[in-house]
Amino acid sequence: MNRIEIQIAVAKVSKYASSESGDTVEVVERPHGGISIVVSDGQRSGRSAKAISNVVARKAMSLIAEGVRDGAVARATHDYLRTNRGGKVSAELVIASVDLVTETLVLSRNSRCPVLVQRDGGTEWLDEECDAIGIYRNTKPNIVEFPLEPGLTAVVFTDGIWSAGHRSGGAMDVAGAACLNEGSEKSSDVGVGENSAKGIADRVLEAALELDNGRPRDDSTVLVIRVGSHQWEQKIRRMEISLPI
């Protein structure tokens with residue numbers, strides 16, 4: 001029997017010579033069905049940035065687990081950080097939710113980095129201007145929602161990816177690295193290898209590292225969510241983590 005399969009993959013690396021990444025990624029199950037991935041990029045890098053991104057991610061996760069809608073989660077997390085740090089620090093926040101109640105992918109974004117989306121055989125950028133959280137009083141997220149249909153792919157990334165190569169005169173081509181337009185006829189087959197969410201995330205991160213000569217100038221994170229069809233006899237959920245130390 002053909003069923004919809006949703007693949008989620010994250011690839012991340014800290015700034016060169018930094019012991020800790022200022023990017024935080026957390027996964028939380030939604031109480032009414034589905035899953036949310038929180039990507040938080042704290043101001044600056046290293047330990048201070050990690051403290052900020054952890055505060056943001058934990059707050060967002062707790063609200064999502066309580067059933068709060070994503071837009072309200074982003075606003076409340078902004079208010080919390082602004083109050084907690086006196087409006088002196090910022091964080092970029094993206095909440096990507098696979099909502100099984102509405103059967104949609106919800107992308108809530110408070111980030112200078114756009115989100116790359118493929119659907120219906122074409123690609124588009126979600127690049128509406130929006131502020132990071134924690135500073136300005138009336139900050140609100142940019143929210144876009146897509147039906148969960150085979151072939152839908154979203155690539156979320158932090159500014160370490162977006163700015164890769166800038167200091168040496170290079171430019172990061174996220175769409176080219178993701179290769180979403182190549183083999184679009186097979187886009188509904190998430191499968192394994194290069195066509196999988198993991199394959200896309202790895203390609204984008206590797207391209208950014210190459211532009212920075214293997215020495216990333218900022219914390220870099222890539223999140224890929226890919227919707228496809230697959231034959232399953234049972235609905236088995238899996239999670240795989242690789243943590244080099």
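Modeller: Happy to. By nonpolar core I mean a set of buried Ala, Val, Leu, Ile, Met, Phe, Trp, Tyr and Cys residues joined through side-chain atoms within 4.5 Å. Keep in mind that this is a predicted model.

Biologist: Okay, how many residues are in the largest nonpolar core?

Modeller: There are 21 residues in it. Those with the most contacts inside include Val-155, Ile-161, Met-172, Val-204 and Val-224.

Biologist: And which elements give two or more residues to this core?

Modeller: They are β1 (2-13), β9 (153-157), α4 (174-178), α5 (197-211) and β10 (220-231). The largest share is from α5, with six residues.

Biologist: What is Val-174 in contact with, leaving aside its neighbours within four places in sequence?

Modeller: Val-174 touches Leu-116, Trp-125, Val-155, Phe-157, Ile-161, Trp-162 and Val-204. Apart from this core there is another one, of 18 residues, with Val-39, Leu-107, Leu-126 and Val-227 among them.

Biologist: Switching to the sheet: in what order do the five strands come?

Modeller: The order is β2-β3-β4-β5-β8, in an open sheet with antiparallel pairing. At the edges are β2 (23-29) and β8 (142-147); each has a single partner strand, so one side of each has no neighbour in the sheet. On average, neighbouring strands are turned by 10 degrees against each other, direction ignored.

Biologist: How many bridges join β2 to β3?

Modeller: Seven, and the two strands run antiparallel. For Asp-23, the bridge partner in β3 is Asp-41.

Biologist: Which helix lies across β4, β5 and β8?

Modeller: That's α2 (residues 70-84), running at about 155 degrees to β4.

Biologist: Now the rings. How many aromatic pairs are there?

Modeller: The count is three. One of them is Trp-125 with Phe-157, edge-to-face at 6.4 Å centre to centre, with 90 degrees between the planes. Trp-125 belongs to β7 (residues 122-126) and Phe-157 to β9, so this pair ties together parts 32 residues apart in sequence.

Biologist: Is Phe-157 buried or exposed?

Modeller: Phe-157 is buried, at 3% relative accessible area, while Trp-125 is partly exposed at 34%. Phe-157 also pairs with Trp-162: the centres are 5.5 Å apart and the planes at 35 degrees, so that pair is tilted. Trp-125, Phe-157 and Trp-162 form one aromatic cluster.

Biologist: One last thing: what sits over the ring of Tyr-80?

Modeller: The charged end of Lys-59 does, 4.7 Å from the ring centre.

Key:
Residues numbered from 1 in each chain as written. Predicted model: local features only at pLDDT ≥ 70, side-chain atom pairs only at ≥ 80, totals over all residues. Heavy atoms only, no water. Buried < 20%, exposed > 50% of the residue type's maximum accessible area, 1.4 Å probe, protein only. Helix = DSSP H or I, 4+ residues; strand = E, 2+ residues; numbered from the N terminus. Contact = heavy atoms within 4.5 Å. Pairing = 2+ DSSP bridges. Axes fitted to C-alpha atoms, helices over the stretch in contact; angles between N-to-C directions. Phe/Tyr/Trp six-rings, centres within 6.5 Å; stacked < 30°, edge-to-face > 60°. Lys NZ or Arg CZ within 6 Å of the ring centre and 35° of its normal.
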